[in-house]
Amino acid sequence: MLQVINISFGYKNALVLNNISFNVNAGEHVSIIGESGSGKSTLLKLIYGEFDLNNGQIFWNNIEVLGPKYNLIAGPEFMKYVAQEFDLMPYKTVEENIGEFLSNFYLNEKQKRINELLEVVELSSFSKTKVKLLSGGQKQRVALARAIAKQPEIILLDEPFSHIDNFKKQSLRRNLFSFLKNKNISCVVATHDKDDVLSYADSIIALDNGRVMAKDTPRNLFNNPKNSLIASFFGEYNVINGEIVYAHQLKIVSKSNLKAAVRHSYFNGTYYLIEVNFKGKSIFIENVCEINQDDIIHFEIFK
Ligand code: ADP
Ligand code: MG
């Protein structure tokens, strides 16, 4: 189990993270969410031992993770970290990169393992390609495969799919996260993408102003967003009479007390997002079809 106990840290005087505590069980998947600059990457780097803490302690089981004052090389053996800026060996092939940390003692086993990892990140046909010839997204996939090659006990992933296009993202998420679950590898994922979280995370930690602002399951946070910041992470939302209401919780009906004028219809694939003027404020409503500008509509809240 990972234990983050009352940690505080600042690069200079101001604290970036202030008294953060949480645990991650073996095999558990925890997502760290928060706005850009909220300290997600810093938190992962601290867990990896890249910086010395101002306060607090971090343990994996009974082993304390220590910063550079006590450890020349960051990153304990049982932990892997894939940074936002991944570093690979550009002049080596994809499979050489993935196999870098694997033992050469049993070459057949090594090759089998590399092939399995190539499948997880869907790069089998690029095994002999030099990494410098790959796209950003492909390089990110090599970095992910390399990090799980030796099956760490815990892996820290910083925006793991940020360079990967939508064509590949969905299947890659399923492959990687089910690989980690099957092997009982704990993971801590910093992300600003709800699709990395909703189907996969066991729990979410939301950071705001250097503090843990919320900690709960994806379902609870989604169903009861306690503030606008949480709601905005999950999707389009409105504040109506002080209450947070997602766009999909509003329905256009033929008659109701709530009346508004249409400003714009945005095509969204499976639905249209209708922007209406309600008491001088924009409200967003999901609807099956588009509606002409200036039409008057009625809507109701269905929660
Ligand atoms: P996030 O990953 O959530 O976007 P970061 O952890 O990267 O946030 O950054 C948190 C804060 O720390 C930001 O204000 C950022 O400017 C600052 N910061 C990040 N890295 C450094 C650094 N190496 N030196 C000084 N300040 C930094
Ligand atoms: Mg970051």
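Author: Before anything else, a definition: two strands pair if DSSP finds at least two bridges between them. Helices (H or I, at least four residues) and strands (E, at least two) are DSSP runs, numbered from the N terminus. This is a predicted model, in which local features need pLDDT of at least 70 and side-chain atom pairs count only at pLDDT 80 or more, while totals for chains, interfaces and linings use all residues. Residues are numbered from 1 along each chain as its sequence is written, chains are lettered from A and ligands numbered from 1 in the order in which they are written, and side-chain values use heavy atoms, with hydrogens and water left out.

Reader: Good. How do strands E14 and E15 pair, and over how many bridges?

Author: Strand E14 (residues 258–267) and strand E15 (residues 272–278) are antiparallel and share 6 bridges, and Phe267 has Tyr272 in E15 as its bridge partner.

Reader: Which sheet holds them, and what is the strand order?

Author: They belong to an open sheet of 5 strands with antiparallel pairing, ordered E13-E17-E14-E15-E16. Its edge strands, E13 (250–253) and E16 (281–287), each pair on one side only. Neighbouring strands of this sheet are turned by 50° against each other on average, direction ignored, where axes are lines fitted to C-alpha atoms, for helices over the stretch in contact, and angles run from 0 to 180 degrees between N-to-C directions.

Reader: Switching topic: what about the sheet of 4 strands, what is its order?

Author: That open sheet runs E2-E1-E4-E5, again with antiparallel pairing. Strand E2 (17–24) and strand E5 (63–64) stand at its edges with a single partner strand each, so one side of each has no neighbour in the sheet. Helix H1 (residues 40–48) packs on this sheet and touches strand E1 (2–9), E2 and E4, its direction making about 120° with that of E1; contact here means heavy atoms within 4.5 Å.

Reader: And E8, is that strand buried or exposed?

Author: Taking buried as under 20% relative accessible area, exposed as over 50% and partly exposed as in between (1.4 Å probe, protein chains only), 5 of the 5 residues of strand E8 (residues 186–190) are buried, so the strand is largely enclosed by the rest of the structure. Ser186, Val188 and Ala190 cover one side, and Cys187 and Val189 the other, all of them buried.

Reader: Which strands pair with E8?

Author: Strand E3 (residues 29–33) pairs with E8 in the parallel sense over 4 bridges, with Ala190 as the bridge partner of Ile32. Strand E7 (residues 154–158) also runs parallel to E8, joined by 5 bridges, and there Leu157 stands opposite Val189.

Reader: Last topic, the ligand: which residues are around ligand 1?

Author: With near meaning that a residue has a heavy atom within 4 Å, the residues around ligand 1 are Tyr11, Val16, Glu35, Ser36, Gly37, Ser38, Gly39, Lys40, Ser41 and Thr42.
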